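Please look over the sequence and the model shown here before reading on. The briefing below goes through a few of its features, grouped by topic.

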Amino acid sequence: MDDRSKCAAEIAKSGGELALDYFRRVGSLEVVDKGLQDFVSEADQNVELHIRKLIEETFPEDGIIGEEHAPKPSKSGFNWVIDPIDGTTNFVNAIPAWCVVIAIVKDDQAQIGVIYDPIHDETYQAVLGNGATLNDQPLICPADTSIDRGSIGTGYCNRASKTNTMTLISMVLERDGVFHRNASGALSLAYTAAGRLIGYIEEHMNAWDCLAGQLIISEAGGRVEKQSADHMISQGGRVVAGSSGIFNELVHMADTAFDA
């Protein structure tokens, strides 16, 4: 597991360096619409191919599940779940808020999570049962907080309900909270682990966007809803995560907004 963790961080950084090269010349990239407010660029596709190549060279028996290309079945029981560029809308519009995401899943649970932010050279990392780090320093998700003492991240995509999302935002504001959306769910989860955000709620996320961040939050001392990693890979689902001090309130808001 230590070898995979070390390699996951190195591979994420290598992918991030390639993505950063594309970002510096973003105006010349070819961009395709996948759906409403859902884009893919040649950078996403080529960075994923680069990451896949590095994984296959190092752990040829491991499976790979990525956002942009077909899955590779696992022979070892380990699956690498990758998003080459989370925050593509930001990326293609030259907004410096995006990241490379890698989770390694085995036995229906994320075992390793890495989120690399090339813009700020920040590596968020966790191994199940071994805590979380930011640039190799211990990462602690503060417990002593309240809704009116920080910002709660949220997201929206074409798989979510507009009405439910508006209800959630209204609930946050009614509690004197502040809602935050930076168009990169994975980066927002990393910020939650670091205490920069106090929580994150989204009606539907894909596995490559959330599995790594959920593990990092949990290993940093925050709380996340328990989920089947395999189910998230196949179906996606809602995500509620945050400081242990307000987690139950976050769950209540999600239950109210999304079941309305």
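Is phenylalanine 91 buried or exposed? Phenylalanine 91 has a relative accessible area of 0% and is therefore buried, where buried means under 20% relative accessible area, exposed over 50% and partly exposed in between, with a 1.4 Å probe and protein chains only. This is a predicted model, in which local features need pLDDT of at least 70 and side-chain atom pairs count only at pLDDT 80 or more, while totals for chains, interfaces and linings use all residues. Residues are numbered from 1 along each chain as its sequence is written, and side-chain values use heavy atoms, with hydrogens and water left out.

**Aromatic rings**

- Four aromatic pairs are counted, under the rule that rings of Phe, Tyr and Trp (its six-membered ring) pair if their centres lie within 6.5 Å, with planes under 30 degrees apart called stacked, over 60 edge-to-face and the rest tilted.
- One of these pairs is tilted, because the rings of phenylalanine 23 and tryptophan 98 have centres 5.4 Å apart and planes at 50 degrees.
- This pair links distant parts of the chain, 75 residues apart, with phenylalanine 23 in helix H1 (residues 2–23) and tryptophan 98 in the loop between helix H3 (88–92) and strand E5 (99–106); helices (H or I, at least four residues) and strands (E, at least two) are DSSP runs, numbered from the N terminus.
- Phenylalanine 23 counts as buried at 13% relative accessibility, and tryptophan 98 counts as buried at 0%.
- The rings of phenylalanine 91 and tryptophan 98 have centres 4.9 Å apart and planes at 75 degrees, so this pair is edge-to-face.
- Phe23, Phe91 and Trp98 together form one aromatic cluster.

**Charges over a ring**

- Arginine 4 lies over the face of phenylalanine 78, 3.7 Å from the ring centre; a charge sits over a ring if NZ of Lys or CZ of Arg is within 6 Å of the ring centre and within 35 degrees of the ring normal.
- The ring of phenylalanine 78 also has the charged end of lysine 106 over it, at 5.5 Å from its centre.

**Helices H5 and H6**

- The axes of helix H5 (residues 185–193) and helix H6 (residues 207–219) come within 8 Å and cross at roughly 0 degrees, the axes being lines fitted to C-alpha atoms, for helices over the stretch in contact, and the angles running from 0 to 180 degrees between N-to-C directions.
- H5 is therefore roughly parallel to H6, a description for angles under 35 degrees, whereas over 145 counts as roughly antiparallel, 65 to 115 as roughly perpendicular and the rest as oblique.
- Residues making the contact include Leu189 and Thr192 of H5 and Gly213 and Ile217 of H6, where contact means heavy atoms within 4.5 Å.
- H5 is largely enclosed by the rest of the structure, because nine of its nine residues are buried.
- Glycine 195, which follows H5, has a positive phi near 80 degrees.

**Two aspartates with positive phi**

- Most residues other than glycine have a negative phi.
- Aspartate 107, although not a glycine, has a positive phi of about 55 degrees; aspartate 107 is found in the loop between E5 and strand E6 (109–117) and is exposed, with a relative accessible area of 62%.
- Aspartate 176 has a positive phi of about 60 degrees, lies in the loop between helix H4 (162–174) and strand E11 (178–180), and counts as exposed at 59% relative accessibility.
- Leaving aside neighbours within four places in sequence, aspartate 176 is in contact with Ile147 and Asp148.
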